[in-house]
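Welcome! The notes below will guide you through it step by step.

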Amino acid sequence: MSDTPFGFGLPPEEPENGDEGKKKDPTEGGQSAGGPGGPFGFGPGAGGDNPFAAMFGSMNPNDLGAAFQQLGQMLSYEGGPVNWDMAKQIARQTVSQGAPDGSKDASVGPSERTAVDEALRLADLWLDGVTSMPSGSVSTVAWSRAEWVEASLPAWQQLVDPVAERVGLAMGDVLPEEMQAMAGPLIGMMRSMGGAMFGQQIGQAVGVLAGEVVGSTDIGLPLGPAGKAALLPLNVERFGKDLSVPQDEVRLYLALREAAHQRLFAHVPWLRSHLFGAVEAYARGIKVDTSKLEDVVGQFDPSQPEQLQDALQQGMFQPEDTPEQKASLARLETALALVEGWVDAVVHEAAKSRLTSSDALRETMRRRRASGGPAEQTFATLIGLQLRPRRLRDASRLWASLTDARGLEGRDALWAHPDMLPTAHDLDDPDGFVHHEQADFSELDKMLGEAAKGPRKPSESDEGKEDGKDDGKGGPEQ
């Protein structure tokens, strides 16, 4: 679990003026522990990396009106639990500033689009021989980082809104009911600030992630439009920069992973809703420290919005330590591991005899996950959970064993129903799962289908039986 599980902490500061990224003393200059000028850049010393610091750091009279106008828009926000307009704006600003390695986003050229299209189409051909699922890609696309932000925000909204909704409800519940009407404007202001702070944090996280992801499925979830296989040429190049592997092989290996994810999500219709529903179920178990929130409400000063940010940063929102919440987390982690394990297994089978560097690329991808790569870190920051690398490797081994024991169709048939998939216990004992008798849902589905059609009309033969005209031997009763 992340130390700041729901993304309420500020992102790490970048080194500036030789301070090597160290945070200022909270007592210096009256600044908050969140960094120079507080999280929204109020006060002296506001830096340029923070979009709110850039907004308020300069006291140029020509800019002051626009700054207060944006502050007013932030406080007057009346939408859902997250200010997604702000998230989008900050994500795009983060992308435009460039990645930590200095690389800058750029429009994708015609040659890069052609290379991506050819790699994804060839990947689909190779996958035909290692899975019974047909292609799930209706089209291929090469995205810039900014285009990835635009395409993935709807999925982030579905993932994060349930968590933010719990926070918003908690803000309205901390006061007694008879006081809520009197404190309505204050509660509304806090909710607007909460939506803005979520938007700021998520925008920064998604903007940073845009500098790392190589496709639309890096975290094991479909973040892009259905049926659209995508790669980011600039990030694909960065992924293979220090691997001493031909760029064509790197691109093709990553195309195999993208195309494999597309097949799985296209032909397992319940999978997307199952995963996103598990995230929502997990969010429902979030526990809010109401005593801490009550203190914040009672002492909230609208002129110092960093107070609310500091309170959020101190771990006010935590998952409940209940059997139900632990089970919800285990189900989600297991499902994510099964998706990634299946992709890892089928991609390895498709690439091992065709790409000379397939083993090295596979291990690079696994180490990226094991070291808490950017996708896992961002996912953990935003919704408080992490795909455990041990589960990924265990799942990959289980799918490979199933291929040997049951063949491609027998392995892939397990995706027909969520109750047929391996559980966390099965990942601990893959041999036991591979060789035990599988439940057959065909008869149950048949019975349910017949029941849905309604009662069957009696036929002439049935009427004959009811009249006693058939003795069961094919002739009339003597």
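The model you are looking at is predicted. The protein chain has 478 residues, and 48% of them count as buried. Its secondary structure comes to 20 helices and four strands.

**The chain as a whole**

- The accessible surface of the protein chain is about 23400 Å², and carbon and sulfur atoms make up 51% of that surface.
- Take the contacts in the protein chain with a separation of 6 or more: 76% of them are between residues 24 or more positions apart.

**How helix H9 packs against helix H13**

- As a general idea, two packed helices are described by the angle between their axes and the distance between the axes.
- Helix H9 covers residues 247-267 and helix H13 covers residues 323-351; their axes come within 9 Å and cross at roughly 130°.
- An angle over 145 degrees would count as roughly antiparallel, and 65 to 115 as roughly perpendicular, so H9 and H13 are described as oblique to each other.
- The crossing of H9 with H13 is right-handed.
- On the H9 side, the residues that meet H13 are Tyr253, Leu256, Arg257, Ala260, His261, Leu264 and Phe265. Their partners in H13 include Val339, Trp342, Val346 and Ala350.
- Sorted by class, this contact of H9 with H13 holds twelve nonpolar, one polar and two charged residues.

**How helix H4 packs against helix H9**

- Helix H4 spans residues 110-127, and its axis comes within 8 Å of the axis of H9, with a crossing angle of roughly 60°.
- H4 and H9 are therefore oblique to each other, and H4 passes H9 in a right-handed crossing.
- Among the H4 residues that meet H9 are Ala115, Leu120, Asp124 and Trp126. On the H9 side, the residues in this contact include Arg251, Leu256, Ala260 and Arg263.
- The contact of H4 with H9 has 13 nonpolar, no polar and four charged residues.
- Look for Leu256 and Ala260 on your screen: these H9 residues meet H13, and they also meet H4.

- Aspartate 124 sits in helix H4, and it counts as buried because its relative accessibility is 12%.
- Which residues does aspartate 124 contact, leaving aside its neighbours within four places in sequence? They are Ser135, Ser137, Ala259 and Arg263.
- Valine 250 belongs to helix H9 and has 0% relative accessibility, so it counts as buried.
- Not counting residues up to four places away in sequence, valine 250 touches Val236, Phe239, Gly240, Val245 and Leu361.
- Valine 250 and leucine 355 are 105 residues apart along the chain, and their C-alpha atoms are separated by 9.3 Å.

- Is serine 244 buried or exposed? Serine 244 counts as exposed, because its relative accessibility is 75%.
- You can find serine 244 in the loop between helix H8 (233-239) and H9.
- Most residues other than glycine have a negative phi. For serine 244, phi is near 55°, a positive value.
- Glutamate 280 lies in helix H10, residues 271-284, and counts as partly exposed because its relative accessibility is 40%.

Conventions. Residues are numbered from 1 along each chain as its sequence is written. This is a predicted model: local features need pLDDT of at least 70, side-chain atom pairs count only at pLDDT 80 or more; totals for chains, interfaces and linings use all residues. Side-chain values use heavy atoms; hydrogens and water are left out. Axes are lines fitted to C-alpha atoms, for helices over the stretch in contact, and angles run from 0 to 180 degrees between N-to-C directions. Helices (H or I, at least four residues) and strands (E, at least two) are DSSP runs, numbered from the N terminus. Angles under 35 degrees count as roughly parallel, over 145 as roughly antiparallel, 65 to 115 as roughly perpendicular and the rest as oblique. A crossing is left-handed if the near helix is turned anticlockwise from the far one by less than a right angle, and right-handed if clockwise. Contact means heavy atoms within 4.5 Å. Ala, Val, Leu, Ile, Met, Phe, Trp, Tyr, Cys and Pro count as nonpolar, Asp, Glu, Lys and Arg as charged, and the others, Gly among them, as polar. Buried means under 20% relative accessible area, exposed over 50%, partly exposed in between (1.4 Å probe, protein chains only). Accessible areas come from the Shrake-Rupley method with a 1.4 Å probe; for residues, only the protein chains shown count as cover.
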